[in-house]
Amino acid sequence: MTSDDVSAIEVTDGVRSLHLEWDDPGIAVLGMIQLTRDELVERIRTGELPLPPLAKLLNIEVVDAAPGRMTLRLTPDERHVNFLGVVGGGVVGAVLDVAMWGAVQLSVQDKSMLTTVSMTSNLVRGVSHTQGALEAVAEAVHVGRTTATAESRLVDAAGKVYATATATFVRMGGGNG
């Protein structure tokens with residue numbers, strides 16, 4: 001994904017607007033079903049597999065992906081601000097969840113898909129919509145026959161931690177893990 005693909009907020013006469021475009025989300029689902037794990041990893045890393053609409057909406061980009069790990073970039077802006085004027089905890093939780101899901105999903109060798117069944121997040125400092133890009137770095141901790149776990153952290157360029165999370169995933173079927 002290039003920076004040209006990331007949605008941008010436009011301001012006209014003081015009114016903010018956001019125009020989003022995305023590919024059919026079914027393309028990614030078909031890719032997950034039809035591709036080998038290594039092909040899937042490569043297409044996610046190169047941006048050949050389109051990101052889901054949620055990634056476009058939240059301004060998330062893939063930085064790196066490999067079996068057992070995923071790094072996403074969140075560039076906060078005004079679309080992420082809550083009533084307190086800071087980036088909402090739900091936005092932080094969503095990017096951490098997606099990164100952890102990627103880390104465990106890319107570890108699966110068969111065609112089964114995983115889904116989050118529980119997640120705990122800890123916000124350790126506030127996130128401003130003007131501070132610049134943050135990275136959600138996630139690693140699979142355990143990928144078993146029926147469940148998987150992962151951990152992640154949201155950090156800035158200097159390595160300062162803004163949030164941490166852990167999650168449990170369950171296989172939805174289709175594999176022999």
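The structure holds 1 cavity of 30 Å³ or more. The model is a predicted one. The largest pocket has a volume of about 780 Å³, and helix α4 provides the largest share of its lining, 5 residues.

Cavity
- By type, the residues lining the largest cavity are 5 nonpolar, 4 polar and 3 charged.

- The largest pocket, of about 780 Å³, is lined by 32 residues, of which Ala28, Pro50, Leu51, Pro52 and Trp101 are the closest to its centre.
- At least two lining residues of the largest pocket come from each of α1 (25-34), α2 (37-46), α3 (53-58), β3 (60-66), β4 (69-74), α4 and β5 (114-123).
- The lining of the largest pocket comprises 23 nonpolar, 5 polar and 4 charged residues.

Helix α4
- Helix α4 (residues 89-105) has 17 residues and spans 24 Å from its first C-alpha to its last, close to the 24 Å expected at 1.5 Å a residue.
- The buried residues of α4 are Val91, Val92, Gly93, Val95, Leu96, Ala99, Met100, Gly102, Ala103, Val104 and Gln105.

Rings
- Arginine 125 lies over the face of tyrosine 162, 5.6 Å from the ring centre.
- With ring centres required to lie within 6.5 Å, the count of aromatic pairs is 0.

Conventions:
Residues are numbered from 1 along each chain as its sequence is written. This is a predicted model: local features need pLDDT of at least 70, side-chain atom pairs count only at pLDDT 80 or more; totals for chains, interfaces and linings use all residues. Side-chain values use heavy atoms; hydrogens and water are left out. Rings of Phe, Tyr and Trp (its six-membered ring) pair if their centres lie within 6.5 Å; planes under 30 degrees apart count as stacked, over 60 as edge-to-face and the rest as tilted. A charge sits over a ring if NZ of Lys or CZ of Arg is within 6 Å of the ring centre and within 35 degrees of the ring normal. Helices (H or I, at least four residues) and strands (E, at least two) are DSSP runs, numbered from the N terminus. The expected span of a helix is 1.5 Å times one less than its number of residues. Buried means under 20% relative accessible area, exposed over 50%, partly exposed in between (1.4 Å probe, protein chains only). On a 1 Å grid over the protein atoms alone, a cavity is a set of points where a 1.4 Å probe fits but cannot get out, and a pocket is an open set with protein on both sides within 12 Å along at least five of seven lines; lining residues have an atom within 4 Å of a point. Grid points are joined across faces, edges and corners, and a volume is the space filled by probe spheres set on the points. Ala, Val, Leu, Ile, Met, Phe, Trp, Tyr, Cys and Pro count as nonpolar, Asp, Glu, Lys and Arg as charged, and the others, Gly among them, as polar.
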